[in-house]
Every structure is written in C-alpha cells, then in structure tokens.
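Subject: Structure handover

Hello,

Here is the structure for you to look through.

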Amino acid sequence: MCIHILASNLFTSAVLQARKFCGHFLCFGSSSHSLNRLSTMGCGGSSEQKQREWKPLEDRSCTDIPWLIIFTLFCIGMACIAGFSISTGAASRLISGYDSYGNTCGQKNEKIEGVELSGRDQTDNKYVFFLDPCNIDILNRKIKSMALCVSKCPDRELKTYTDVKKFALQNGSELCSYDIPVYKYPSHGERSKKCPKLPVPPSKSLPVFHRCTPVDISCYAQFAEAFVTFVSDNSMLHRVIAGVMASKEIIMGLCVLALVLSIILMVVIRYISVVLVWMLTALVVLGSLGGTGVLWWLYVDHRMNLTNQTGTTPTPQQQLATDNVQALLVYAVIATVFTVILLLLLFFMRKRVALTITLFHVAGKVFTHLPLLALQPFWTFLSLMLFWVSWLGVFLFLGTTGSPVQSEETGLVEFRMSGPLQYMVWYHAVGLIWISQFILACQQMTVAGAVVTYYFTRNKSQLPMTPIVSSMLRLARYHLGTVAKGSFIITLVEIPRLILTYIQNQLKGKENACARCMLKACICCLWCLTKCLTYLNQNAYTATAINSTSFCTSACDAFVILVENALRVATINTVGDFVLFLGKVLIVSCTAFVGVLSLNYQRDYTVWVLPLLIVCLFSWLVAHCFLSVFEIVVDVLFLCFAVDTKHNDGSPGREFYMDKALMEFVENSKKMAGRDRAKADGDGGEMKPMTRGGGTFA
C-alpha cells in the first residue's frame, strides 16, 4: 500500500519523461487529422494546445489507425504460430503423448533416421507410461525417465519383475522397452535401465492427456518444496481434502457473499466515505501524536535513570544506556518533525480531502445510474481467462514442436525447434503481455466512455439506454488503435522488468550484494514507471473518450490537467486508495467472519485452514476487481471535473456539466476564494484561476 502511494506521488516527475517521450516517439501512428493538429501546435503542450477548446461527445473520428493495423498484424502472427504448432503435429503429441523413441502413441509413425525403435505402429498403445514417474523435470520440460506407449496403465502395484511379466501377458501391455521380450523381463541384464523402477505404483490415465499418472502423487512433492512437510502427513492431507469437499457448498456460498458485498459497497460507499476518510485522518493524527509522545517519554525516562546512576568510571552498561538515550533523542526528533509536517499537510490539504469525499459520493451515484458497470469485471475476467487458456495451450504445443533430436547424454528423443523458429516462443511471450494489457485497457476505455457520457449529459433522463454498450461500440469503431498504442507502451516497460526478475531468480544465491542491490533497484524503478505510465494511460483514455483525439494528444492534454492539479491528484490517490483498501479489508473480514460461523456450525469438520484461505483469497480478488472499477470511475470523474472547471465558469453559455454535489463544492470554494483571494492565487497546487466570463475559481 505504501509503495503504491509512493508511486502515485512520484507521478509528476515520471510523467515529465513520459511527456517528452510522447513528443518524440508516440506521435508516430497518429491519424492524419491528429498529425496535422500536432504539427501546428506541437506534441509537447504549447500555449496553443492549452487554448484548444474541448468539445465533449461532439466530434468522433478514428484514432491511431496505424497502431490498430500493427496490432492486427501482430495478432495474425500469434494465430500463425498457433496454426504452425498444430499443423506440425505438436497438438497430437501433446494430447496423445510420445515415447522416448519419437513414436506418437495411438497412431502409426514414420521412421526417424538414426533411432532404431522409431517408426512403430502404436495404434493399440494409446497411453504414455513412465518407467520412473517421479523422475520428471517439469520446470525444464525435460523427461529424465524413459517413456513408452502401452495399451493399459498398471492398475495394481507390481512388486517384482515377475509381476511385470504376468501383467504384460494378461493385458498385452508391455512395460519394458520394446527391444526386450516379455519372457526375459525377470532375467534381462538391462532390466534396471529399460524396465520400470520397482515397485511399480498403480496408476490411472488422465482424462484428456493420455499419461499414466500414479494414484499416490506424494512422489511429486519434490516439485512443491514448500509443502513437503504438509503433504508428507497423509492423514492431515486427506482430512483437509475431505473437509474441503464436505464444505464445498459453504465455500461457494461465501464466494457469492463476497461478490454481493463488493457490489453493495460500491453503491453505498458514497454514504460512508465521509466517515471512512475522517476516521482515517483521526487515526493518522492520533497515531503520529501518540508515537511521538511515547518516544519523548522514553527519552526522558532513560535520561533520568542514567543521571541517577553513580560512579566515577563509566561501565559498559552505562555506555550502552548513553547510546540508547542518544538514539531515543534522534528518533523523537525525527518523529516530531514528521508529525509537524503531517499536521501541516493535513491542515493545508483539508479542502482537497473534501473533493475526494465529493468524488466518492458522485461515483456512487454513477453506479446507481449505470448498473452495468458492476458487470465490467466479469467480462474482463472472462476475456482474460479465455485468452490465457488459449495462450497456454499454444505454449504447450510449442513445447512439443520441432524436429526429433536424440540426446547424446540419455539417448532419448526430444523435439526441439532450431533456427528462426525458436524465437516463436519469445514472440508468443510478448503476445501474452501485450494482449493482456490490451484487454485491461479496453476495460478502462469502456468505463471511461460510459462515465464521460454520464458526466457531460446535462439532462440525465436523456442518457442512452445502455451507456456501457454504447461505450463499447464507440471503442470498437473508433479507438482500438489508441488502446493498442497505450497497451504497447506498458509492454515495453514490462518486458525488461520481467527479464530482470527472471535473471534475479536464476542468480539467486550466486550474485554478490552489489549486483543483487542493483537488480532490485532496477526492478523497483521499472515497477514504479509501469504504475505511473498506467495512470497516465488511463487519463489519456479518458481524454480520448471526451474529445476523440489520438493517444499522444490525449496524453499531453491529460498531463497538463494533472500537473495543474498536482496536489489534488496526490490527495485523491493517497486518501482514495486507502479508503478503497479499507473497503477490501472490510469485505474480506465480513466474509471470513461468516465463514467461521458457518464452519463452526458444521461440527463434523474440524480443519478450517484451507477453506478459510480459499474464501479469503477469493473475496480479496473479487473486492479488488470491483473496487478497481470504482477507482477508475473516481479518476475519470476527477479529470472530467477538472476539464469542466477549466473551460466553464457557470455563466450563461458556459454552464457547468457537473453533478449537484460537485457544484456545491465549487460554490464553497468560490466563497472561500473570495474571502482570501490572494492566498488562493498563491497556491500553485490548486487549479489556475478562471478569468474568462467574469468568473474566478481557485
């Protein structure tokens, strides 16, 4: 939470670089109309740009068409990779499986040059059997155990090679290498290498992937080192699993409860936002004052004890006490300075806190007028899940794509891609980031378009029947290129961050302290840059929804507005984010409390750990998804409010668009500005005074 607030407060300095970046690079790909406009006024934000009139919801034109073409071509490349992996037989090898000699199970195979036992007819052998099922390197996707195609998985434990021989004769399923006759299983010299490891555990075939998997999966505990101790206790594991299955109705009910609480909170938060904000302010003030007072009390107490001690020669205990007194003095002074600065900030920013409360109040009204906003997380989650599942399927296909290669170390056959084809995996990985960010950006643009329509429609009875659907249609018709460009910028920052994170994990325990510190610093800086660019992108999408301008122009316009209201932006991000954090905690706490009562009512179930963890995790995710939409609504309302007050003053012909609650806030601000106009004009963090039309707003 503190890191997120820090990233928000660092927005102004980071966005200066983004603006410079926008002026040199992001202008590429703007539509011809936008490029002509930018060529006359510059992409850096000149005075002509500030004077350009905003015309909400009046003009609509396609934006960033070249970037839409680039994104479409990229998606076609992703589809080509999927088609290539399927056409080369990777899909059949993944689903049906293949043995260590390159034969795909369940079909006829062609001879592989240099591999003696390849090219066999495995039509009747549809299952993959591993001689040592616990010797599989899943992380590197390498099979350390020999694999064979068999007609039936062993359904009982085979303790000796004689049992293996009897199973093969009875079921026609040969569990040793193809070059060993069945009758030689007990006496063959290479049976320790080419026959299964004893005892052979009973196994079953997976429903879709035809692999013989041991019924007792405890041997796979090596791939989950954190759970070795827990999994090794079979009685505890069985009790937990049985308890989860027995309480599955309670778990599902609690998940639905978390969903309902999240929706209710988004509607009623406008009634409790005042209490939450001022309660937060009171707790911060009391905590800082109390902490400072305790430090000074400890300092005085330790100093008095040190003074009362007698002795001409200082002892080690006295020296230690002296050091403690000095340390307490330093801590007390630092805490005092921090408390004074905090109190001054709260005093001078109290009016901006009132704006945050008002925005929360109006955001609650938005959800009552636009109830379909509550369904937006569902569509986003569904779209992401469908994309991730398809991406994972193609990724697994790529793992079995390529030409068969016989390993010199083990003699087993593996399928590897060579030449330019091996870079398809990297292309596919970039697609995961870009398309995921594109889907999230589509949600932001859709919500922004609906809220902008609500805000800039004076007569709310004339709103479209479904503003969300109208916003989605406008996005699909005009602004997909803008969303593609914005998501690509986030991808450019995410890729090096993920690469550095991967390098850090690979070098864990091997690098020196300096290298470790530099890696963490670079990862942290890239993370902060990602957060700042995400916030700027979101406001750029709002500007595009208002004025139908390209991404570069919208980002510069939004940047100017945000810099003019820097202190208000910081207040909304700090106070608003903490209020939403309290909302998430409230939902998780209520769900967990009801869960404890429900599980306590079910007396036959005693292990509560896993069900409660599942419920709390799901409730947190649900609350995060829904309240993130609420946060987007608040940010969009703020930008609309800033644009409204900058270009309108309430005079005839320049009436405000804002809600009644925001209008009251403006009127109160005007009254306070009239009492102390000089102070308001000297406050650089407030909005610049409006002098057009005879009105003045600070």
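The notes below cover the whole chain, then the disulfides, then a surface patch.

This is a predicted model, in which local features need pLDDT of at least 70 and side-chain atom pairs count only at pLDDT 80 or more, while totals for chains, interfaces and linings use all residues. Residues are numbered from 1 along each chain as its sequence is written, and side-chain values use heavy atoms, with hydrogens and water left out.

The protein chain has 22 helices and 8 strands; these are DSSP runs numbered from the N terminus, helices (H or I) of at least four residues and strands (E) of at least two. Of its 698 residues, 45% are buried (buried is under 20% relative accessible area, exposed over 50%, partly exposed in between, with a 1.4 Å probe and protein chains only).

The whole structure contains 3 disulfides, a disulfide being a pair of cysteine sulfur atoms within 2.5 Å.

- Cys-105 is joined to Cys-149, S to S 1.9 Å. The torsion about their S-S bond is about -80°, so this disulfide is left-handed. The two cysteines are 44 residues apart, with Cys-105 in the loop between helix H6 (90-96) and strand E1 (127-130) and Cys-149 in strand E4 (residues 147-150). Both Cys-105 and Cys-149 are buried.
- Cys-153 is joined to Cys-212, S to S 1.9 Å. This link is also left-handed, with -80° about the S-S bond. Cys-153 is buried at a relative accessible area of 9%, and Cys-212 is buried at 5%.
- Cys-176 and Cys-195 have their sulfur atoms 2.0 Å apart. Their link is right-handed, with 120° about the S-S bond. Cys-176 is buried at 0% relative accessible area, and Cys-195 is buried at 2%.

Cys-524 is partly exposed at 41% relative accessible area, whereas Cys-528 is buried at 14%.

Helix H14 (376-399) and helix H16 (467-506) each supply at least two of its residues, and the largest share, 4 residues, comes from H14. Leu-372 lies in the loop between helix H13 (350-369) and H14, and counts as partly exposed because its relative accessibility is 34%.

Regards
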